[in-house]
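Here is a short briefing to read alongside the model. Please keep the 3D view open as you go.

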Amino acid sequence: MRLIHMHTVRFTGAALAAIPLALGALTSQSSAREPSPNPTGTFGSGCSALSQKADTAKDKVVDAAAAYPQLSQLVAAAVRAHLTDTLNDKSPVTVFAPDNDAFKKVTASQLSSLLSNEGQLKKVLTYHVVDKQITPDQLSNGSFTTLEGGKLTTSGSGSDFKVNGKAHIVCGNIKTANATIYVVDSVLQPPS
């Protein structure tokens with residue numbers, strides 16, 4: 001199993017750039033056939049931008065996240081923090097998954113510091129995980145304890161939700177075999 005994850009991490013160069021182009025052709029062909037309400041139950045303005053390699057509903061959460069090129073930074077960080085087995089073995093969990101654009105908002109020096117400190121990286125990443133399934137109905141005024149031990153809050157309505165009052169859920173309610181993923185546009189920081 002670990003070989004698969006290490007292979008995923010290697011998709012950061014030119015190969016990763018080629019994947020969205022290839023997937024774009026596939027998604028444009030299938031989007032013409034999709035009915036208007038999303039049959040998967042996902043919501044958010046960013047769902048259409050998430051290129052997916054395959055159906056991830058039967059995959060464990062880290063494997064499922066690896067199917068989305070826009071979550072490659074998160075997957076690489078989870079592998080680096082040795083969290084792959086921890087996250088894949090828990091059930092049910094909810095992951096507030098920062099997309100690659102969220103990681104771009106972190107300064108290069110902060111990101112470098114975070115990635116070089118496994119303990120701090122693990123703390124930040126587990127702050128994005130709640131050890132239970134959170135449904136969209138629970139997001140309007142939610143308060144949840146994370147695996148890291150801190151609290152995070154959710155607020156909003158309809159398909160417009162925020163985490164901790166600042167990170168927007170750009171695509172929510174993505175189902176995996178053991179988790180629900182809500183893609184967020186910021187890296188969340190645990191309380192000091």
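The notes below cover the aromatic pairs and then the strands of the sheet.

This is a predicted model, in which local features need pLDDT of at least 70 and side-chain atom pairs count only at pLDDT 80 or more, while totals for chains, interfaces and linings use all residues. Residues are numbered from 1 along each chain as its sequence is written, and side-chain values use heavy atoms, with hydrogens and water left out.

**Aromatic pairs**

- Searching the whole structure turns up 3 aromatic pairs. Rings of Phe, Tyr and Trp (its six-membered ring) pair if their centres lie within 6.5 Å; planes under 30 degrees apart count as stacked, over 60 as edge-to-face and the rest as tilted.
- F43 and F161 form an edge-to-face pair, because their ring centres are 5.6 Å apart and their planes stand at 65 degrees. F43 sits in the loop between α2 (14-31) and α3 (61-66) and F161 in strand β5 (residues 160-163), so this pair ties together parts that are 118 residues apart in sequence. Helices (H or I, at least four residues) and strands (E, at least two) are DSSP runs, numbered from the N terminus.
- Both F43 and F161 are buried, where buried means under 20% relative accessible area, exposed over 50% and partly exposed in between (1.4 Å probe, protein chains only).
- F43 also pairs with Y182: the ring centres are 6.2 Å apart with planes at 50 degrees, so this pair is tilted. It links distant parts of the chain, as F43 is in the loop between α2 and α3 and Y182 is in strand β7 (residues 179-184), 139 residues apart.
- F43 counts as buried because its relative accessibility is 12%, and Y182 counts as buried at 0%.
- Through ring pairs, F43, F96, F161 and Y182 are linked into a cluster.

**The sheet**

- An open sheet with mixed pairing is formed by 7 strands in the order β2-β1-β7-β6-β5-β4-β3. Its edge strands, β2 (129-130) and β3 (141-145), each pair on one side only. Two strands pair if DSSP finds at least two bridges between them.
- Strand β1 (residues 93-98) runs parallel to β7, joined by 6 bridges. P98 has V184 in β7 as its bridge partner.

- β3 pairs with strand β4 (residues 151-157) in the antiparallel sense over 5 bridges, and S143 stands opposite T153 in β4.
- In a regular strand the side chains alternate between the two faces of the sheet. In β3, G142 and F144 make up the covered face, and N141, S143 and T145 the uncovered one.
- The hairpin of β3 and β4 has 5 residues between the strands, and G149 takes a positive phi near 110 degrees there.
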